[in-house]
Amino acid sequence: MEMIKIFDTTLRDGEQSPGASMNTEEKVKLALQLERLGVDIMEAGFAAASPGDFEAISRIAEVVQNSTICSLARAIPNDIERAAKALDGAKQKRIHTFIATSPIHMEFKLKMQPNEVLKRAVEAVKLARSLCEDVEFSCEDACRSDIGFLKEVALAVIEAGAKTLNLPDTVGYRLPQELGYIIKELKSCVGDLAILSVHCHNDLGLAVANSLAGIQNGARQLECTINGLGERAGNTALEEVVMILKTRKDIFGDLETRINTKEIYAASKLVADITGICPQPNKAIVGKNAFAHESGIHQDGMLKHRETYEIMSASDIGIPQDKGLVLGKHSGRAAFKDKLTSLGFNDLTKEALDNAFEKFKVLCDKKKEVYDEDIRALLTEEATKIPQVFELLAMQISSDSNGVPYAAISILKDGISRIDAAIGNGSVDAILKTIDRISGYNGILKDYKVEAVSEGKDALAKVVVKAEFEPNKPAFIGHGLHLDTLQATAKAYLGALNSYLSMRSLIAK
């Protein structure tokens, strides 16, 4: 057996997807799920990028026990020192430093000569090595770099103390045979002096194929994200490469990962819930149609023998198999807790469990059937909750085809109920304007999404909003869950506002 290290960068590169920003509490929750998933290394952020990233890395470093926590850092002393400081509380830690090595990056972005880049790389690794035993070095845009220069840099940074050498296809340009050749050449150069890593972007839809070509030619670390999140077209999807290695033993032989595949679905759902970016229905492994069979021919084959049309089982990645009514209003706390454990929620505090159970009982009184998806949504909402500066108490909406829509809303702040009303161009506009009037913060809505959590006319509505509360500052994501879509809208907008307020002091820095 030979192990392939899984380096998950959902919290860093994945968060760079437009609209995928997360607050600190959400990052901590996701980090704990990645630990349950079994990733070897999680890149928790870019410590020097912002005070928010620094705080998130520090918090994650304190709570994660079984995965190595990594911070990205440019080949700049301040970046590296900030990374080391953020990782101070980690049981296992890594500094990941990088500099571009391709001619186009060196000339136009860095405005440096190759010898200057080489010197900077070596100095960065030496500094990082003095602060942290585990150092990874990346040649940014390696796959458009001169192969001779790559080898020169590789040997120099390894001698300086790097244990892992990452060769990213930063712009997703290479074909599998080309990337395989690059890895093979570097492997023949460095031998067993360092672990070779691949980090592939998906601009041409080849990230997974390129990553596998890297493995077949000597790479032993895969850098990837849940659901393939990432800049532009995204990164290598963790769930895809892991399940390919698991399913195609005839090709990959004894290559193994430490991933607990039964946690894949839970991780995918959590990332989708937090970011509001759901995998497309036909997404491999985790798309909602990945194990669906509409064709009569396929259904007939499945009934006769599952493997006629399925090369893996939905249960392999932790998809609940019971799609019917799971619990009802007469279910007790013990049954509810047992269901949560089966869905992967086994680290809840007593307070979180009590709050979730209370919400579950309320939902049972209003909804005919309660599905696993409903329970999962309730728990995700509870587990990622941030301090509630503003809390929705009551709301009344008036709208008809010929009238002017208005909203009257009561919101709790500092124990005091505040009530106001406003008219709008529609019900949603009226709700947001009323909340702005009560809170004193005028948000700009950047994105608004609604989806049904489960099936049926009485399905819970999940609303995700993205709102900006300061000019030229990051927008924040809020989530709302309710049987009434407009109630969910108000909760989501308040969630974005509360998230902004919880991070405001860090933004100001």
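This note covers salt bridges and one surface patch in the predicted model.

1. Ground rules. The model is predicted: local features need pLDDT of at least 70, side-chain atom pairs count only at pLDDT 80 or more, and totals for chains, interfaces and linings use all residues. Residues are numbered from 1 along each chain as its sequence is written, and side-chain values use heavy atoms, leaving out hydrogens and water.

2. Salt bridges overall. Side chains of opposite charge can pair when their charged atoms come close. Here a salt bridge is a side-chain nitrogen of Lys or Arg within 4 Å of a carboxyl oxygen of Asp or Glu. The structure holds 31 of them.

3. Arg94 and Glu136. These two form a salt bridge, with their closest N and O atoms 2.7 Å apart. Arg94 sits in strand 5 (residues 93-100) and Glu136 in strand 6 (residues 135-140), so the pair ties together parts that are 42 residues apart in sequence. Strands (E, at least two residues) and helices (H or I, at least four) are DSSP runs, numbered from the N terminus. Are the two partners buried or exposed? Arg94 counts as buried because its relative accessibility is 2%. Glu136 is buried too, at 0%. Buried means under 20% relative accessible area, exposed over 50%, and partly exposed in between (1.4 Å probe, protein chains only).

4. Lys462 and Asp273. The closest N and O atoms of this salt bridge are 2.5 Å apart. Lys462 is buried, at 12% relative accessibility. Asp273 is buried as well, at 9%.

5. Asp372 and Lys339. Their side chains meet in a salt bridge of 3.3 Å, N to O. Asp372 belongs to helix 15 (residues 372-383) and Lys339 to helix 13 (residues 333-342), so this pair ties together parts that are 33 residues apart in sequence. Both Asp372 and Lys339 are buried.

6. A nonpolar patch. Which residues form the nonpolar patch on the surface? They are Val404, Tyr406 and Ile423, with about 280 Å² of accessible area together. Accessible areas come from the Shrake-Rupley method with a 1.4 Å probe; for residues, only the protein chains shown count as cover. Patches are made of residues with over 30% relative accessible area and no salt bridge; like charges are joined within 9 Å, nonpolar side chains (Val, Leu, Ile, Met, Phe, Trp, Tyr) within 5 Å. Tyr406 lies in strand 12 (residues 406-413). Tyr406 is partly exposed, at 31%.
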